[in-house]
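Let's take a walk through a protein together, one stop at a time. Have the sequence and the 3D view open as you read.

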Amino acid sequence: MRLLTVISPKGGVGKTTVTANLATALAHLGADVTILDLDPQNALRLHFGMTHDDPEGIAGLPQTTQSWRKVLFESAYKVRFLPYGNVDEQQRLSFEHIIKTDPNWLFRQLSGLGLADDSIVMIDTPPGPSLYLQRVLELVHLALVVLKPDAASYSTIPAMENLVQFYCAHRQNFLGYSYLLNQMDATKQLSRDVYSMLKNNLEQHFVPVTIHRDEAVSEALACQMPVAFYSQHCSATHDVRQVAEWLDNTYGLLG
Amino acid sequence: MEDDIKNLFQKMGKPVSGYQEINRTVVTEQARKRWPLLRDVNIHSLPGHYEQSNDDEVQLAESAPAPTPAINQVAATPRVGLKSLFKTESAQVEEKPGVAGSFFAKLQHKPEPVPEPTVASGLLNRTLATESAAVSANRPEVKSLFVATERAELANQGTAPVKTVSQTLNFGNNTNSGGSTQQAVNQDIQPSKTVPAVQSVLNRLAGIPEPEQVASVSKSFFNKIFKS
């Protein structure tokens, strides 16, 4: 399995939306993609048509040690997904207790899925530092940091650098990480300036392709489908597809 | 870096590493002056984990000048050694330090399969997704969602505008009662092959201002580039 995590230093940047749409784009390029939602917000499933009231997910399994195959869903968009689950606070605490006390929890569960070696597993995480992020960064091969082109996101970059440095830099099988700008608005001076500064300061860690602000993205979620299927010719669909191609060209994801 | 810049350097007998995107530096400095918070944040990115290509090789297909970041171009040159990492890792059998370091080693040794959980009688059984005949017996049990039909109904009810006529037709045609995996859109989505041209048109239509021409203080363009 090839593990790619999508992370963000703060909420509201569109990380989950990027994860869902990027997974679809990678599947369109021919990859076998499974998405794991580790965000208690449990929003990833909504991009693939799961009913909002459906409680199933990894955190809601009767016994957290049960195989995740019981809650592995196949969407109509060539992507499989594992929802976090609609759980109450007690269930969430119990689930997080397992994660905290078992360092090999994530590896064991992913291995139990029986996916092919060249399968891509994309992992969505809660924003900011968290126990979930820690476990994920200890294991993944690639990390994609999603930012908005504003000063708030820009100011969180040093903290993200520290996180990646702490959990990933020493691992020989960690290929690298990249920063991706989402909701880009080239008509705004601040957006253009943030883009320029990121490109200048982050160099090879900056994805030169940005995902432009596009109402079709929000509308696609409202229709519970990836944007590529909602509007195949919109700007966002084109941008996400380019990001997928860039990731493949840079890291050999599909190779 | 574009090919013509690389070719120009080679023609002049200079190393490509001498090339500087001056405009990018100037724009960055202007941004720092414009926004105090951007000025105060210090970013020190980690060195790349992948091998750097040679100086004379094209590293990235850079996009248009910085003031118009809306023009996106995909990096063209794959990093040397990256694509082989996944293959070599699967062949490695020696243990590596750390949890993640032993990940591929354990995969190589095929950990014991997780015993198939018994399905409680009260659980809702959902049909398996349709797979090719080459799928091994160890493929995970997958579940299907009936999304195409429901989405078609919602789309046709006008809850959200349908962008293309072809999508409407495909939504309407995808009906299934057996629970197998459905494709909401069966048509191939062809990637655009004229990205820069289309994007430039869109920019003009959006009224995006032309990039500012920064006056160079240098008398000679080539003197500045070659760092005399």
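A salt bridge here means a side-chain nitrogen of Lys or Arg lying within 4 Å of a carboxyl oxygen of Asp or Glu. Keep in mind that what you're looking at is a predicted model. With that rule in hand, look at Asp40(B) and Arg39(B): their closest N and O atoms are 3.1 Å apart, so the pair forms a salt bridge. Arg39(B) is partly exposed, with 39% relative accessibility. Over in the other chain, salt bridges with shared partners tie Lys15(A), Asp39(A) and Asp124(A) into one network. Counting over all chains, the rule gives 11 salt bridges.

Two more of these pairs are worth a look. In chain A, the side chains of Glu89(A) and Arg92(A) meet in a salt bridge, at 2.1 Å from N to O. These two sit 3 residues apart in helix H2 (residues 89–101) of chain A, which means that about one helical turn separates them. Glu89(A) has a relative accessibility of 47%, so it counts as partly exposed.

Chain B has a pair of its own. Arg32(B) and Glu29(B) form a salt bridge, and their closest N and O atoms are 3.8 Å apart. They are 3 residues apart in helix H2 of chain B, so about one helical turn lies between them. Arg32(B) is partly exposed at 25% relative accessible area, and Glu29(B) is partly exposed at 39%.

Helix H2 (residues 22–34) of chain B packs with helix H7 (residues 189–202) of chain A, with the axes 9 Å apart and an angle of about 125° between them. Because of that angle, H7(A) is oblique to H2(B). The crossing of H7(A) past H2(B) is left-handed.

Now step back and take in chain B. How many helices and strands does chain B have? Its secondary structure comes to 10 helices and 1 strand. Follow the sequence and you'll read the pattern α-α-α-α-α-α-β-α-α-α-α. Of the 228 residues in chain B, 31% are buried.

Some nonpolar side chains turn up on the surface, too. Val198(B), Val201(B), Leu202(B) and Leu205(B) form a nonpolar patch there, and together they have about 350 Å² of accessible area. You'll find Val201(B) in helix H9 (residues 195–205) of chain B. With a relative accessible area of 36%, Val201(B) is partly exposed.

Let's finish in the loops of chain A. Most residues other than glycine have a negative phi. Asn42(A) isn't a glycine, yet its phi is positive, at about 55°. Look for Asn42(A) in the loop between strand S2 (33–37) and strand S3 (73–74) of chain A. Its relative accessible area is 2%, so Asn42(A) is buried.

Gln224(A) isn't a glycine either, and it has a positive phi of about 60°. This residue is in the loop between helix H8 (215–222) and helix H9 (227–230) of chain A. Is Gln224(A) buried or exposed? At a relative accessible area of 17%, Gln224(A) is buried.

Asp102(A) counts as buried because its relative accessibility is 19%, and buried means under 20%. Asp102(A) and Arg135(A) are 33 residues apart along the chain, and their C-alpha atoms are separated by 9.7 Å.

Methods: Residues are numbered from 1 along each chain as its sequence is written. Chains are lettered from A and ligands numbered from 1 in the order in which they are written. This is a predicted model: local features need pLDDT of at least 70, side-chain atom pairs count only at pLDDT 80 or more; totals for chains, interfaces and linings use all residues. Side-chain values use heavy atoms; hydrogens and water are left out. Patches are made of residues with over 30% relative accessible area and no salt bridge: like charges are joined within 9 Å, nonpolar side chains (Val, Leu, Ile, Met, Phe, Trp, Tyr) within 5 Å. Accessible areas come from the Shrake-Rupley method with a 1.4 Å probe; for residues, only the protein chains shown count as cover. Helices (H or I, at least four residues) and strands (E, at least two) are DSSP runs, numbered from the N terminus. Buried means under 20% relative accessible area, exposed over 50%, partly exposed in between (1.4 Å probe, protein chains only). Axes are lines fitted to C-alpha atoms, for helices over the stretch in contact, and angles run from 0 to 180 degrees between N-to-C directions. Angles under 35 degrees count as roughly parallel, over 145 as roughly antiparallel, 65 to 115 as roughly perpendicular and the rest as oblique. A crossing is left-handed if the near helix is turned anticlockwise from the far one by less than a right angle, and right-handed if clockwise.
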